[in-house]
Amino acid sequence: MTSMRIGIACYPTFGGSGVMATELGLALADRGHQVHIFSYARPSRLSAYHHGVEFHNVSVSSYPLFQYPPYDLALASVMREVMADQKLDILHVHYAVPHALCAYLAREMCGSCSTRIVTTLHGTDITILGRDPSYRDVICFGLEHSEAVISVSDWLEQQTRDAFDFKGRIDVVPNFVDAKRFRPRQDDAVRKELGGDDHRLIVHTSNFRSLKRVADTVEVLRRLPAEHNALLLLVGDGPDQPHVRDLAVRHGVADRVRFLGEIENVACVVSAADVALFPTESESFGLSALEAMACGVPVVATDVGGLPEVVVHGETGFLHPVGDCDALAASVGRLLGDAELSARMSAAGVARARENFSLPTMVERHEQLYARLLAEV
Ligand code: GMT
C-alpha cells in the first residue's frame, strides 16, 4: 500500500482510547506510513522515539480572562499547521470530544487542505457526553463532518444511532491487542513478587472512575471462601482509589489488597494472575478484558455494553449483572477452585483474542478504510 501521511489525536492518559490510538499510530508507522500524534502530553505508550512517528505537543497558555483555557483552540491550531505543512492525507481523532471539532476547525482554517477526517468513538464520548445537552449538538456536528465514523463495538454503534438519530455510515472496528506483548507467560519471579507463591491472584485494571465500580472488587474478595486464599491486585489509579482503600480497611481485607498504581508493563502483571475481574457499570468494549484474555487469564465481568462482544460467557469467562457481587464472587471462586475449567477458559480466551482482535488485522482494516476515503476524493 502507498505510504500515507496520517495525523492521530488522542488523550495521552492510561485510558483505552489513548492506548488504542497510540498503538495504531506505532503499527501504521511500522508499515511505512508517516504518523503525527497530537496531544497535550506524550501518550503513555509513546515513551520512546519510534521511527516514522512525530509527536506534536499541544500547550495551552493561560490568560487572566480564561477560567477555562481553550485547549481545543490550541489543538486546532497545531493540527492546522501540521495538516498544511505535512499535507496530511488523514486526520484520525480518537474520542469525539473535542477532537472531532478541532479537526473540522483545523481543516476549515487551512482552506486548501483536503485532509480526510476520521473519528473513532470510544464510549463515554457518546454514552455520557453525547446525551449531555451541553455537548450533544456539537458532537453530532463533529460526526456529520467526519468522512468516516468508527465505533469500537456494535453496541456503541447502536448507542450512537439512538443518541443522535445518526443515519450515516459507521464502521465497527473493534479494539485490538498485540499478541507479542499480551500473551501467556510463566514468569515465576513476577508471580512470586506479586504474592502469587502463597495466594491465588485476582487482577483488576482501570482508571478508578466511579463507573468502573472498583469497590465491587473488594466486595467480591470478601465473599470468597478463605480456602482460596485470594489476593486482589489493583492496577491503575483515579478518583475512587481512596474510597476503595478505605473500604478494604473497613472490611478487614486490606492485607489482601495490593494497590499497584499506574504501571507501564501491565501485560507482565496481568499474565501472572489467575482471574481478571471487571465489575464495571458501563463499557463500550472493555480493552482490559481483551488484554486479560490475550494473556490467558479468564475474565469475570459484568454483562454490559460491548463486553459480551469480547468475553464469551461460559467459554472465555463469566458475565453477570451489574452489582451482583454474589454471582461475580461465585464465578471467581469457581475458576479458582477448578483448574481444568480455568485452563479451558484460558486457552479459549487466548484463541479468541488472537483470532478476532489481532493487531495486524485491525491495522489493515484502518488502512483499508483510509484508502477508501482517499479514493473518494
Ligand atoms: O469512554 C471512556 O470512558 C474513555 C475511554 C478511554 O479512554 O479509556 O474508554 C473507552 O474506550 C476504550 C477503548 O476503546 C474501551 O475499551 C472502553 O470500554 C471505553 N470505556 C467506556 O465505555 C466506559
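**Salt bridges, one by one**

Guide: Let's start with Arg169, which counts as exposed at 53% relative accessibility (exposed means over 50% relative accessible area, buried under 20% and partly exposed in between, with a 1.4 Å probe and protein chains only). This is a predicted model, where local features need pLDDT of at least 70, side-chain atom pairs count only at pLDDT 80 or more, and totals for chains, interfaces and linings use all residues. Residues are numbered from 1 along each chain as its sequence is written, and side-chain values use heavy atoms, leaving out hydrogens and water.

The partner of Arg169 is Asp171, in a salt bridge whose closest N and O atoms are 3.1 Å apart (a side-chain nitrogen of Lys or Arg within 4 Å of a carboxyl oxygen of Asp or Glu). Asp171 itself is buried, at 13% relative accessible area.

Now step back to Asp165, which pairs with Lys167 at 2.6 Å between the closest N and O atoms. Here Asp165 is exposed at 53% relative accessibility, and Lys167 is exposed too, at 67%.

Next, look at helix α6, residues 154–164 (helices are DSSP runs of H or I, at least four residues, numbered from the N terminus). Glu157 and Arg161 sit four residues apart in helix α6, so about one helical turn separates them. Their side chains meet in a salt bridge of 3.1 Å, N to O, and Glu157 is buried at 19% relative accessible area.

Elsewhere, a network of salt bridges links Glu23, Arg45, Asp178, Arg181 and Glu291. The structure holds 22 salt bridges.

Key: Helices (H or I, at least four residues) and strands (E, at least two) are DSSP runs, numbered from the N terminus.
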